[in-house]
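I opened a new notebook page for this one. Below is what I looked up, in the order I got to it.

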2 protein chains.
Amino acid sequence: FLGWWRDVKGTAVGAFEMGRSDPRKVIFAAKMGAALSLVSVLIFFRKSASYFTLNHIWAILTVIVVFEFSIGATLNKGFNRALGTLSAGALALGIAELSKATGALHQVVVVVSVFLAGFLASYLKLHPAMKQYEYGFRVFLLTFCIVLVSETPDFLKTAVSRLLQIMVGAGVCLVMNVCVFPIWAGEDLHKLVVKNFRGVATSLEGCINMYLQCVGYSRIPSKILVYQAADDILYKGYRAAVESTSQEESLLGFAVWEPPHGRYKMFRYPWSEYVKLSGALRYCAFMVMALHGSILSEIQASSDLRRAFSDGIRRAGVEGAKVLRLLGEKLEKMEKLNPEDPLQEVHDAAENLQMMIDQKSYLLVNAESWAIEKRPPNSEEQEQRQELRERVNKPSLVKSLSALVHHNPAPILPKYDPHNANRSNSFSLSRWHSGEDMFKQQTVWPSRLSLLGDSILNEREVRTYESASALSLATFTSLLIEFVARLQNLVNSFEELSEKAKFREPVESTETQMVVG
Amino acid sequence: FLGWWRDVKGTAVGAFEMGRSDPRKVIFAAKMGAALSLVSVLIFFRKSASYFTLNHIWAILTVIVVFEFSIGATLNKGFNRALGTLSAGALALGIAELSKATGALHQVVVVVSVFLAGFLASYLKLHPAMKQYEYGFRVFLLTFCIVLVSETPDFLKTAVSRLLQIMVGAGVCLVMNVCVFPIWAGEDLHKLVVKNFRGVATSLEGCINMYLQCVGYSRIPSKILVYQAADDILYKGYRAAVESTSQEESLLGFAVWEPPHGRYKMFRYPWSEYVKLSGALRYCAFMVMALHGSILSEIQASSDLRRAFSDGIRRAGVEGAKVLRLLGEKLEKMEKLNPEDPLQEVHDAAENLQMMIDQKSYLLVNAESWAIEKRPPNSEEQEQRQELRERVNKPSLVKSLSALVHHNPAPILPKYDPHNANRSNSFSLSRWHSGEDMFKQQTVWPSRLSLLGDSILNEREVRTYESASALSLATFTSLLIEFVARLQNLVNSFEELSEKAKFREPVESTETQMVVG
């Protein structure tokens, strides 16, 4: 009994928390309760009237199925209900008249037409294009079958009574939903996209900081490995942006039903542009995801190397996050971008980073291993380098190389001996060995490269591991630069949205003018 | 009229195609029609019986709301319907008795309790944990309100009549849905995961081929830039795997309701492991996505460079795709993995690739630019290299470097002059310049690096671009190697599933034995 009581208490606390974090849910529930009460009251008052004695179930049914969280969803369902009811009623009336003419076969005609209607409606509603009318098909079937099967003597009276009831129910729904504390799906869509911008910016900043502070995961959360929601703040940010597609689609489906309102005072408001903008953001978020992937990777650049490039990486990352936050803020305020190029700074930062990489690229490669090849000329003309490249392409050379590699297969070492962890002086190697847990979840593979049997280090393999580790920094920066390149696409999407949705011109804040003046 | 006729014809063709590609949809629709006809026939036959004269609407309503595509969904809805109806009926009966005792205030009690029930049910159903009982809450409200408001004199008779009707409807649904051509959600989930494996493998192979054949996008489809569904086969494969989360969640929600059946003869079949496996696959698919990202990127490695590493890249890619296909096939057949390590080959390939990169890393960097730094020692001990790295970390050096970079800001060049495209002899540069269309969609940024004003090439920037272009190959291979590393996680997930779901032991095909013997 105590356990049960604890469960009840936990549920109550959870429910209360839900209401506190989103008060609109409380408002929605109260509106629903009020709508139902209102219908009950109407039914009690009109009980004397002849039309309402029967079938008041229809008013209640209508409220319960049509009343939805947002106005768009309610309008969509109401439209479906009306269309389904009216078309089914008319069709059923026709068939009922027809079946009467057949006399004895009357019931056969009814059963056959019920089958046909059931087949066609159920089949068509499975078509992807019909998805938003799914509810209309259900209502159609319900009305069609009931009208055909019921065979009331006074058909017209029943039909009018039901329609009246449905109209009362729908009317109460609309008034309650639109006039009292309206909840707009469009507003939700807008806020969702803004939130995604913030989330991706937070993830990007987190990635950069984690990378530069050389903080690694002592153990990769297994939820990340199977892409489930996890509490990692860095992961949550981009995952939410990537995962919001279906939510956006459904909000879009409702938002297009909503009349102009509030800040969205425009007929045919371009809601689909919000979804496109969010898609462009997602396209950037995939690069943040790849950056996070390099942090999760087992082959890691040494902390020395990271420090050598930290200025460039930090600047590019910070500027990139700044652009994301700027766009998010402008979207929230529904302002156009300022006339100057918002990407100026971040492009400069990325170029600097690229030049830095270029100048210090000797840190990224293992010059010793060149000994087996001809060394590259030191300060000759570019033609010579081109020539060298061509020479490498000769198949014979490639073959001899790969043969050489085959002669030296990597030893298999499934187990790791913690006593020798200190022998490797590279940061990443020791980091990666320190989390024994990881072996359960993570691959055994790169360990084959680094330690051989009884802690005898195979120099060649250590070298290969080290070169991979240094190149992993190049990968991180390349991904960061690709992220920056993708920002242009995001800015284009934003500009398209801001044009189509007629965002305000940016207001120069007086503060800025003061500084400029 | 002609246009309208064409529309109708188009719709009909589309509907026909849908049925041909998935005949289960036709079967479902026919079953629905048959269930409705059956209920109509029952109503016609029983019209004389007293219980059925009224309220036959309930049987029809039950069929229409409970009959769903898969058995799991039908059982879930049926359970919701039963639970909602019974609990609401009992509660409403109690309150009705109570309200009679209050006499004059009778109607006030009814309205207040309707409000409270409406509020609580609507509020609780918004809680994420209650999502799968959403329909139960609706049914609860409907029954509760109708029972309270209707005030029939003979309450028990009405209740029994309705329950009978509902049971008839539910019975028809169950019999039709389970006994005639059953459609299982679990089977769908299984097939979906298998399909995702194939899709990711196809994408990976496509990426590798496209990269090695130096085929670029002349114009990146704008749908990819905003992450919408596009017809690109390479893109479709991984996108489907990444996007299937919500579909998997809903199939999982239905599959757990299904009794053991067919190949899934086990109570508490571990359906959630399928979702986890698909998550692990998604974690690999993100790397394929990143590989595709490098193909879409503007900074591209030259074709010479790609050719130099093509053997290694191809082998790693082919072996990686082989592993994916193997796992997909095993999953389809529900067989365990063979005792030997399925990753042996792909790990060897990745190691070879890494060594190849290590040995030819001079191709990836721009040795000329080292002139401004001290050259790295050529064949000395490792200690010296370590020392060099430490030297670079001195803040003064980093500062002087970044100062140097700042003195040479990149020129801004928003426009491109097509006449000079031939001056750049690198493959990627010309490729990237050839698609003028791309400028509309894609960033202007890297062009700043390559051409200066009136076609005067700034050597420094060309060099930077070239080094970025060479390092982009290192990025591609790093991502490929990271993909290979993530396969271990996928294999672990598969093994967990195959244990928990008791997959068959692998059958050695006689062919293999013949070859071995």
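**Entry 1: chain A overall**

I'm working with a predicted model, so I keep in mind that nothing here is an experimental result. I started with the secondary structure of chain A, which comes to 22 helices and zero strands. Chain A has 517 residues, and 56% of them count as buried. I also checked the contacts in chain A with a separation of 6 or more: 81% of them join residues 24 or more positions apart.

**Entry 2: α3 and α4 in chain A**

How do the axes of α3 and α4 of chain A cross? Helix α3 covers residues 57-66 and helix α4 covers residues 71-102; their axes come within 9 Å and cross at roughly 140 degrees. I therefore wrote the pair down as oblique. From α3(A), the residues in contact are Trp58(A), Leu61(A), Thr62(A), Val65(A) and Val66(A). They meet Thr74(A), Lys77(A), Gly78(A) and Arg81(A) from α4(A). Sorted by class, that contact has four nonpolar, three polar and two charged residues.

**Entry 3: α5 and α6 in chain B**

Next I looked at a helix pair in chain B: α5 (residues 106-124) and α6 (residues 134-150). Their axes come within 10 Å and cross at roughly 175 degrees. Over 145 degrees counts as roughly antiparallel, so α5(B) and α6(B) get that label. On the α5(B) side I noted Val110(B), Val114(B) and Ala117(B), among others. Their partners in α6(B) include Phe137(B), Phe140(B) and Phe144(B). This contact splits into eleven nonpolar, three polar and no charged residues.

**Entry 4: Phe69 in chain B**

I then picked out Phe69(B), which sits in the loop between α3 (57-66) and α4 (71-102) of chain B. Is Phe69(B) buried or exposed? Its relative accessible area is 18%, so Phe69(B) is buried. Leaving out residues up to four places away in sequence, Phe69(B) touches Leu126(A) from chain A. In chain B, its contacts include Arg24(B), Lys25(B), Phe28(B) and Ile183(B). I also checked Phe69(B) against Lys31(B): 38 residues apart in sequence, the two are 9.7 Å apart in space, C-alpha to C-alpha.

**Entry 5: positive phi angles**

Most residues other than glycine have a negative phi. Lys502(A) isn't a glycine, yet it has a positive phi of about 50 degrees. I found it in the loop between α21 (459-500) and α22 (510-516) of chain A. Lys502(A) is exposed, at 63% relative accessible area.

Arg268(B) also has a positive phi, near 50 degrees. Its place is the loop between α11 (245-255) and α12 (271-296) of chain B. With a relative accessible area of 80%, Arg268(B) is exposed.

**Entry 6: cysteines**

How many disulfides are there over all chains? My search of the whole structure turned up zero. For Cys284(A), the nearest cysteine sulfur belongs to Cys207(A), 14 Å away. Cys284(A) counts as buried, at 0% relative accessibility.

Key: Residues numbered from 1 in each chain as written. Chains lettered and ligands numbered in written order. Predicted model: local features only at pLDDT ≥ 70, side-chain atom pairs only at ≥ 80, totals over all residues. Heavy atoms only, no water. Axes fitted to C-alpha atoms, helices over the stretch in contact; angles between N-to-C directions. Helix = DSSP H or I, 4+ residues; strand = E, 2+ residues; numbered from the N terminus. Parallel < 35°, antiparallel > 145°, perpendicular 65-115°, else oblique. Contact = heavy atoms within 4.5 Å. Nonpolar A, V, L, I, M, F, W, Y, C, P; charged D, E, K, R; others polar. Buried < 20%, exposed > 50% of the residue type's maximum accessible area, 1.4 Å probe, protein only. Disulfide = S-S within 2.5 Å.
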